[in-house]
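Let's take a friendly walk through the side-chain contacts of this model. Have the sequence and the coordinates to hand as you read.

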Amino acid sequence: MTPPIPPDIRLMGPLKPMRFEAVVDDCIVSEGQIPEELNGGFYRVGPTWKRPTKQGTSGFVTQDGMVQSLVFREGRADFRNKWIRTPKYVAEQRAGRGLFEWADGDFGDWRSYGLGEVIRDEFTHGIPQGNNAVNVFPFAGQIVASGEMGSPPIALDPITLETIGVVPWSVALGKSVVDPACFGDGAFTAHPKWDPDSGELYGWGYSDEKPYTTLHWVKPDGSIRSRELWDAPYNALTHDMWLSDSYVVLPFQPFTVDRTKVGRDLSLFGWEPEKPIVLALIKRDDFDGPIRWIEAGIDPQYIMHTMAPNQDGSKLVLDGPIFDRPPFPFEDEVELGIDFVPFGTGQIGRWVLDLESGTVTSERLDDRAVEFPKVDERFYGKPYEWGFMVAGENLWTLNTIVRRNVLTGAEDAYTITRDDDVPLAVFEPTFAPRSPEAPEGDGYLIAPVSRFTENFSEFLIFDTQHIPAGPIAVIELPFQMGWTPHGHWMDFRGKQVPPNGNGRRASSGVAMTGAGA
């Protein structure tokens, strides 16, 4: 018998699962007006419960992925969210029950990530275990959902959100932290970058065994180049990277992953500050050429999400929020048996790499907690000036939209509050250009806001030229949206996707499909 979902899941605030599919055409705009020039889709993805696992409720990775879209056209916005039909989802849907259990899924505390090996039986043999719920990004006219570990990327229709299937280039991907369940079950980062001109996707995968990292550069036609990095220094969890006009800069930081620890009743994540921070510089125009490995020589610290790089003469400037250590619990600080552990905080910071001397310096540029750095993605791999973030007192109270000039340090900001002090949660915003030809950073910032105590949600649209003036439009949803860590914008005015997409449009009004569908 499948274990029930415990009642305390209703007390998870902004992390409460959204267990239904929904379509809201022509969303209500309660304040302001949606800019007519917005023509594209804002996509996000996150984990939520379709049904409990065989072990009850475990970590986010054991849940199922749900993708959200807010599609703009002609001054209106249409919302929908849909389950990602991963191999795991499809198998459990057919069975009508949870089928999976994990080696690290039954600790009953923060160690239960569900990132370890699946305990296989006749129902799960040959089925990838991941939920593709960390990020979703545009590629080759589709949107692609990735979970980083446990399953290959999955392509989705940008209009209907229907699952198209595992990307055909998955057969060339390397092994993840877990062994492949079948042919094509490879690993691909949740935070690739891409060349906005050629459309080429720059990605990688990581493992706890040599080769610790494998590069994967994918062209829009699906052709892929892969390279195993046998000289990678150690089993780092390489979550994000920087893309400059000349280099892919991949940081190896002492946030490590090791599935053998699960057998010792430990989390497979580790913080090993005695290991050095090492930067891999891979030339974009010489995929098979020599890689320059630079030991940073800076104090232990951690950048989880990158902003973007600039080059100033011989200096490569790498920006991003810097944490003292990864914002996850580890055995050296957190006792076992605790269900919930607050994250740490990071501040906007900068690593400066001198390409001539090979030295690295680190500095914090502010003392305010920030996360979720974003840029104008038309300028991936190019010099840039503007970055966007969310700030607050800590990672659980992020409520301030920030636009930062990375060249001067000047900032514009707006704090999202309620007159009645009702708590809310601001998720990662995303930039949308005013037009395909607009200058860098000129456009709109779209921020999802969960009013979780009211079972209500909003999307706020800011004009990036006037952030302190507040949102120019407030779009309402009549329910609490699911928590989503990451997402991206796909512009329909360029070459990414035709305005009408490939799929059918849903009927007007609000439609919901419950968890049993």
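Which side chain meets Lys-54 in a salt bridge with 3.4 Å from N to O? The partner is Glu-101. A salt bridge here is a side-chain nitrogen of Lys or Arg within 4 Å of a carboxyl oxygen of Asp or Glu.

Before going further, a word on the source: this is a predicted model, in which local features need pLDDT of at least 70 and side-chain atom pairs count only at pLDDT 80 or more, while totals for chains, interfaces and linings use all residues. Residues are numbered from 1 along each chain as its sequence is written, and side-chain values use heavy atoms, with hydrogens and water left out.

**Salt bridges**

By this rule the model has 39 salt bridges. Helices (H or I, at least four residues) and strands (E, at least two) are DSSP runs numbered from the N terminus. Lys-54 is partly exposed at 32% relative accessible area, and Glu-101 is partly exposed at 21%; buried means under 20%, exposed over 50%, and partly exposed in between (1.4 Å probe, protein chains only).

Lys-54 also forms a salt bridge with Asp-121. Asp-121 sits in the loop between helix 1 and strand 6 and Lys-54 in the loop between strand 3 and strand 4, so this pair ties together parts 67 residues apart in sequence.

Glu-92 and Lys-88 give another kind of example: both lie in helix 1, four residues apart, about one turn of the helix. Both Glu-92 and Lys-88 are buried.

| Pair | N to O distance |
|---|---|
| Lys-54 and Glu-101 | 3.4 Å |
| Asp-121 and Lys-54 | 3.5 Å |
| Glu-92 and Lys-88 | 3.1 Å |

Elsewhere, a network of salt bridges links Glu-117, Lys-175, Asp-179, Asp-208, Glu-209 and Arg-259.

**Aromatic pairs**

The count of aromatic pairs comes to 24. Rings of Phe, Tyr and Trp (its six-membered ring) pair if their centres lie within 6.5 Å; planes under 30 degrees apart count as stacked, over 60 as edge-to-face and the rest as tilted. Phe-60 and Trp-483 form a tilted pair, 5.2 Å centre to centre with 40° between the planes. Phe-60 lies in the loop between strand 3 and strand 4 and Trp-483 in the loop between strand 32 (473-477) and strand 33 (486-491), so the pair ties together parts 423 residues apart in sequence.

Phe-269 and Phe-328 form an edge-to-face pair at 5.8 Å and 65°. Phe-269 is buried, at 6% relative accessibility, whereas Phe-328 is partly exposed at 24%. Both belong to a cluster linked by ring pairs, together with Tyr-113, Phe-255, Tyr-302 and Phe-330.

**The cores**

Phe-269 returns here: along with Ile-401, Phe-269 has the most contacts inside the largest nonpolar core, which has 78 residues. Such a core is a set of buried Ala, Val, Leu, Ile, Met, Phe, Trp, Tyr and Cys residues joined through side-chain atoms within 4.5 Å. Strand 25 (residues 386-392) gives the most to this core, with five residues. Apart from it lies another core of 28 residues, including Ile-34, Phe-72, Phe-452 and Met-481.
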